[in-house]
Amino acid sequence: MKKSYKQEKDEFYFYLHQILAYKPILNRIFYYLKRSLILLKPNHEYSICIEATKLFIICFYVAVGIFCGSVFLLQNGLFQILYVIGAVVLFIRHFIFLYLEQEEIKLLKQFQKFIGLLRHNYHKSKMLEEALEESIVKADFEISLHMECIYSLLRREEESVKEYQRTAPNRLFVSFYALCFVILKYGDTESKQYSAFLNNLEQLKEEIYIELLKREKLRHKFSGLVLIVLLPILFMNTIRVWALWSVPELYQYYNSVYGVMVRVLVLVSTVLAYEMIALLRGENQYREPEYVILNKVSEIKWIDKLLDIAILWSGKKVRAWYSRIQPFSKHLTIRIFLLQRCLSSFLGMFCYIYLLLCFDLQDSQIPFYVLLAVLGVLLASYFPWIIISFKSLFQKEAKALEIANMQYIVLVLYPVKSMEVQILLEWMELFSDYYRLSMESCVDDYSNLGEAALENLIEKEPDSELVKIVDAVSLCEQIGVERAFEGLESDRKYLLEKRKQDNEMHLSNREVLAKCLTYLPLILLIGLYLIVPFVLESISQLKEYILQFEAAMQ
């Protein structure tokens, strides 16, 4: 049978992958691409390899295009080449994120369609396994891969939520898996002649709709911002050439310590602004770092001992740092965080010393630049902390989303006749991230302390929405699980509407903050690199004219 053009093209990409993916350096690039794609296409290595190769080729053409377009910028030597390389790396990272975001939006739309299919088949058969099988056969390719993965985990007859959380593309798929697991284990229940499974499935569909609106609005509001952030790096040398052509005397500013320091400041501000905009956009969900190199560095004996000393010397700060870091990354430990700060300090010191050695300084200038060096090293050491602190600005939003996940799993579990408080708390712990440590402590203590464990949880986490859930849990032993959570069931529609309103507010706040960050490097470039030298040179020439005029008058 003759192969189609698409099949031949896919085979070519797969063959190209087999050639490129195992070469030095390229293997790390392909590993990064495949690690991101596996979230969207699980258990299908062939498709992942093809998509990774296509993405690599597009990124290669983008990089070549930017380099070719920036040839006229490279006349200033090594620094400008490094600037362009940095811009290319950041732009490609953003391009990969846009591709993954587009694929995830496509997947969510397919998920919404699949829920409609599942609902229809469940109405016919009243058997979840049979309905899943029929729906998977009729589903689109990408969503069918995820549903097959979920179905295979469900057939194990054991709880695998933690295992699936590591490979799920987002929280909505985890909620769907939990819903299916609960129905298969405890059975469906009917309230007012309406299936609890179908009711929760309908809410999940609403959640997907809300998430789709949020993603599309976010993409619209952030479109073009990254390009504006990268403009100062690409056009820095163009400004310098134009300024020197207009006023040759500006050479003393652009080729001095001041000129180089401003270029470095613009570069650092651009990278920092890009990283913060990426966090606002949500890029970290596709590229959470594993810190492989830093882990290996931290295992070196003398560095390992130094880190132990630093942790002992920090004392109580370590616990505060861990509580601040823990919700943001599964792989970032205290040791890696301290190592990041040390490396940032050394990098800042090395760059500053290198810059000072390139210029002859007068004795009177040395104390000033030494003071600047100390301040620069301190600021560099706080660079990792700035990123963590910036992430913490969105704790309220993330906590609200986490509580929504807890509310959903409680609504799934509470109609079950034999439901127990211990099981409810264990499921709430599975869906916690920010509240993980407090929930773990509560689950461990509940069997011995009972309601005292719930009171301790409220003291540690006094969030009003979480307190409502915990108060309802505390009533379960007295009035039963179903009656305790009747209020939460009646608030279901209100909670969805509140989520929509909160999303609008959070998106507006992110847009304002992102636009402020976007123009920061451009303001520094125009202000410090263009206007200040012109003003200083104008003042200098004005003084000379005044002196000449006074001399002529005498």
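**Exercise 1. Which side chain meets E104 in a salt bridge, and what is the N to O distance?**

Before starting, note that this is a predicted model, where local features need pLDDT of at least 70, side-chain atom pairs count only at pLDDT 80 or more, and totals for chains, interfaces and linings use all residues. Residues are numbered from 1 along each chain as its sequence is written, and side-chain values use heavy atoms, with hydrogens and water left out.

*Solution.* 
- Step 1: Recall the cut-off: a salt bridge is a side-chain nitrogen of Lys or Arg within 4 Å of a carboxyl oxygen of Asp or Glu.
- Step 2: The partner of E104 is R215, at 3.2 Å from N to O.
- Step 3: Now place the pair. E104 belongs to helix α4 and R215 to helix α9 (residues 196-222), so the bridge ties together parts that are 111 residues apart in sequence. Helices here are DSSP runs (H or I, at least four residues), numbered from the N terminus.
- Step 4: Both residues are buried, a word that means under 20% relative accessible area, while exposed means over 50% and partly exposed lies in between (1.4 Å probe, protein chains only).
- Step 5: Shared partners join E104, E211 and R215 into one network of salt bridges.

**Exercise 2. Find where E51 and K41 lie, and decide whether each is buried or exposed.**

*Solution.* 
- Step 1: The side chains of E51 and K41 form a salt bridge of 3.6 Å, N to O.
- Step 2: E51 sits in helix α3 (residues 45-69) and K41 in the loop between α2 (26-37) and α3, so this pair links parts 10 residues apart in sequence.
- Step 3: E51 is buried, with a relative accessible area of 14%, and K41 is buried too, at 8%.

**Exercise 3. Describe the salt bridge between K498 and D502.**

*Solution.* 
- Step 1: The closest N and O atoms of K498 and D502 are 3.1 Å apart.
- Step 2: Both residues lie in helix α26 (residues 492-553), 4 residues apart, about one turn of the helix.
- Step 3: K498 is partly exposed, at 28% relative accessibility.

Methods: Helix = DSSP H or I, 4+ residues; strand = E, 2+ residues; numbered from the N terminus.
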